[in-house]
Amino acid sequence: LREKEDDRKKILRQYEDLTREVQEAETINRTLEMQAANLMIEVKSKQSDLEAARARADNLDSYVEEILRQNEQFRTQIISLNAKVDMLTSDLQDNRVARDSVLTDLDGVNQLAVKLNTDKV
């Protein structure tokens with residue numbers, strides 16, 4: 001009878017030990033599940049941040065490309081305007097030469113008119 005009582009106590013202790021181990025394992029399991037859930041939330045947050053950063057980078061790339069296109073257009077316009085200024089400067093110089101020639105001819109005509117008037121008188 002004593003032997004059965006000792007066996008019963010031994011089995012009861014083993015049951016209590018195993019129950020304690022199961023509870024500890026369940027506690028650890030719940031902790032690990034919570035950590036895993038928190039890590040999944042963090043991963044999703046990081047993925048969202050990454051997607052937002054990629055979108056910003058794409059937008060900045062588009063913006064830079066647009067600025068480069070505008071700069072090229074401005075360069076083309078400057079080259080065209082410089083050519084027009086050169087052409088207008090040349091035309092202005094030609095007009096000044098023509099004006100000077102006309103003024104010289106006009107002075108000559110004026111002198112002839114004065115001479116004719118003096119000869120008439």
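**Exercise 1. Work out the overall build of the chain.**

Start with the secondary structure: the chain holds one helix and zero strands, taking helices (H or I, at least four residues) and strands (E, at least two) as DSSP runs numbered from the N terminus. Keep in mind that this is a predicted model, where local features need pLDDT of at least 70, side-chain atom pairs count only at pLDDT 80 or more, and totals for chains, interfaces and linings use all residues. Residues are numbered from 1 along each chain as its sequence is written, and side-chain values use heavy atoms, with hydrogens and water left out.

Next, the dimensions. The C-alpha trace spans about 175 × 20 × 10 Å along its principal axes. Its radius of gyration is 51 Å, while a compact globule of 121 residues would have one near 14 Å; the radius is taken over C-alpha atoms, and the globule rule is 2.2 Å times the number of residues to the power 0.38.

Finally, burial: 0% of the 121 residues are buried. Here buried means under 20% relative accessible area, exposed means over 50%, and partly exposed is in between (1.4 Å probe, protein chains only).

**Exercise 2. Find the salt bridges and describe their partners.**

First, the general idea: side chains of opposite charge can pair when their charged atoms come close. A salt bridge needs a side-chain nitrogen of Lys or Arg within 4 Å of a carboxyl oxygen of Asp or Glu. By that rule you get five.

- Asp17 and Arg20 pair with their closest N and O atoms 3.1 Å apart. Both sit in helix H1, three residues apart, about one turn. Asp17 is partly exposed because its relative accessibility is 33%, and Arg20 gets that label at 44%.
- Arg69 and Glu66 pair at 2.8 Å between the closest N and O atoms. About one helical turn separates them, because they are three residues apart in helix H1. Arg69 is partly exposed at 46%, as is Glu66 at 32%.
- Arg99 and Asp100 meet at 3.2 Å, N to O. Arg99 comes out partly exposed at 48%, and Asp100 at 39%.

**Exercise 3. Locate a nonpolar surface patch.**

Look for Tyr63, Val64, Ile67 and Leu68: together they make a nonpolar patch of about 380 Å². Then place one member, Ile67, in helix H1 (residues 2–120). To finish, check its cover: Ile67 counts as partly exposed because its relative accessibility is 30%.

How values were computed: Patches are made of residues with over 30% relative accessible area and no salt bridge: like charges are joined within 9 Å, nonpolar side chains (Val, Leu, Ile, Met, Phe, Trp, Tyr) within 5 Å. Accessible areas come from the Shrake-Rupley method with a 1.4 Å probe; for residues, only the protein chains shown count as cover.
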